[in-house]
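Me: I would like to go through the ligand sites of this model. Could you take me through them?

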Amino acid sequence: MLVLLKRGVSETAVSDIATRLRMFGLSVHRTDHGGQVRLGAVGEGGGVDWDQVRGWGGIESVEKIPVPFKLVSRAFQPHETVISVGRCAIGSRQLAIMAGPCSVEGEEQAFIIAAAVARAGATVMRGGAYKPRTSPYSFQGLGEEGLKLLRRAADANGLAVVSEVMDTQQVSLVARYADILQVGARNMQNYSLLREVGHAEKPVLLKRGLAATIEEWLMSAEHILSQGNTQVILCERGIRTFETYTRNTLDLNAIPVVKELSHLPVIVDPSHGTGIRNKVAAMARASIAAGADGLIIEVHHDPDHALSDGAQSLYPEQFDQLMGQVRTIAEVLGRTV
Ligand code: PEP
Ligand code: MN
C-alpha cells in the first residue's frame with residue numbers, strides 16, 4: 001500500500017507511523033516527492049485494517065499500488081531515480097555511456113581500451129572478470145586479478161567501473177573493486193543473488209533475462225529494492241525470439257514501456273542485443289532516440305583475438321564515431337552526454 005502523509009508532518013510523526021506499520025509485519029520504504037512523504041508499506045500484511053490506518057493522525061490517504069512491482073513503480077515514486085557514479089548521474093538528463101571489453105584479458109588490453117573509450121566520452125568502463133560462458137571450456141575470466149586491472153585502467157582514465165557478479169559469494173569481492181555490480185541476463189532470476197546485491201552498498205545493473213517478460217524483469221528489480229538497495233539500473237540486452245540472423249532481438253519497446261512503469265533508469269546493451277559488430281551502432285542510436293538513459297557497449301582494439309564476444313565488439317574508432325552521433329541525437333532530445 002502507498003501511505004501518503006500530510007504535508008508538513010514532523011519527522012517524529014513519520015517515524016511513528018512507520019513503526020506502527022512495521023508492527024503489522026510490513027516493511028516500510030520511504031520516498032519524498034513534491035514536499036510530501038510517501039511510505040510504501042509492503043509485505044503480506046493480510047490482517048491490516050486499512051480503513052483504520054486511514055484515520056491515523058498525519059495520514060492524508062492510503063492507496064493500493066496497482067502493480068506487483070511496488071517499490072519499482074511510478075505509483076510509489078513518481079520522479080526519476082538518479083544514481084550518481086563517478087562523473088555520471090545515471091537517469092538524469094545526462095546520458096550514461098559505459099564501454100569496454102566483454103572480458104578483461106590483461107594489463108595492456110585493459111589500459112588501451114580504457115584510454116580509447118574515455119577519449120571518446122564514456123564515463124564508465126565495463127569489463128567482466130567473472131564470465132558466464134555457455135561452454136565450460138571457454139575463457140572464464142581473470143577473477144580478482146581482472147578486477148584489479150580493470151580498476152587501475154579505469155582510474156588512470158577517470159572512469160568508473162561496472163563488472164559482473166555471478167554468485168552470492170562474489171558480491172563483497174566485486175564490490176571492493178567495482179562501482180556498479182552487474183547482474184547478468186542468466187542470473188536475472190537468481191533470487192539469492194538479487195537478495196545479496198540488495199544488501200550491497202553499490203548500485204546494481206540488472207540485465208533483462210534471455211526469456212524474461214518486462215514484468216518478470218521488474219519483479220527481479222523489486223527483489224533488490226525490497227532489501228533496501230534502491231540504486232538499480234535496468235539494462236535491456238535483447239531477448240530470445242525465433243529470429244536467428246541476430247544473436248538476440250533487441251526489444252526497444254521495453255524502453256518506453258519501462259520508463260512509464262518505473263522510476264528506475266534504463267540503459268541498453270546493443271552489443272549483446274545484436275551480436276554483430278556492424279549492427280551495434282544502428283541499435284545504439286535507436287536506443288537513445290527511444291528514450292534510453294544510456295548505453296553499455298563492448299569495445300575491443302583487437303576483436304579478432306578477443307577471448308569473448310569479439311564479433312560484436314566495436315573498434316575504438318567505430319565507438320568514437322558512434323559517440324559523435326549519440327551527441328547529436330541527445331541534443332535533439334534535450335539531453336547531454
Ligand atoms: C556481458 O555483459 O558480457 C554479458 C555476459 O551480458 P549478458 O548477461 O547480457 O549476456
Ligand atoms: Mn559479452
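Reply: A definition is needed at the outset: Ala, Val, Leu, Ile, Met, Phe, Trp, Tyr, Cys and Pro count as nonpolar, Asp, Glu, Lys and Arg as charged, and the others, Gly among them, as polar. Please note also that this is a predicted model.

Me: With that in mind, how do the residues of the shell around ligand 1 divide?

Reply: The shell comprises 7 charged, 3 polar and 3 nonpolar residues.

Me: And which of the residues that surround ligand 1 are the closest?

Reply: Of the 13 residues around ligand 1, the closest are R126, K131, A185, K207 and R237.

Me: What is the distance from R126 to an oxygen atom of ligand 1?

Reply: A polar side-chain atom of R126 is 2.8 Å from a ligand 1 oxygen. For K207, a side-chain N or O atom lies 2.9 Å from an oxygen of ligand 1, and for H272 the corresponding distance is 3.2 Å. Of the 300 Å² of accessible area that ligand 1 has on its own, the protein covers 98%.

Me: Turning to the metal, which residues coordinate the manganese ion?

Reply: The manganese ion, ligand 2, is coordinated by C102 through SG, H272 through NE2, E298 through OE and D309 through OD, at 2.0 to 2.4 Å. Along the chain, these donors follow the spacing C-x169-H-x25-E-x10-D.

Me: Where do E298 and D309 lie?

Reply: E298 belongs to strand β14 (residues 294-298), while D309 is in the loop between β14 and α11 (316-332). The two are 11 residues apart, and the pair links distant parts of the chain.

Methods:
Residues numbered from 1 in each chain as written. Chains lettered and ligands numbered in written order. Predicted model: local features only at pLDDT ≥ 70, side-chain atom pairs only at ≥ 80, totals over all residues. Heavy atoms only, no water. Near = heavy atom within 4 Å. Polar contact = N/O pair within 3.5 Å; in protein donor to acceptor, adjacent residues only side chain to side chain. Areas by Shrake-Rupley, 256 points an atom, 1.4 Å probe, with all protein chains shown as cover. Donors = N, O, S within 2.8 Å, 3.2 Å for Na, K, Ca; no water. Helix = DSSP H or I, 4+ residues; strand = E, 2+ residues; numbered from the N terminus.
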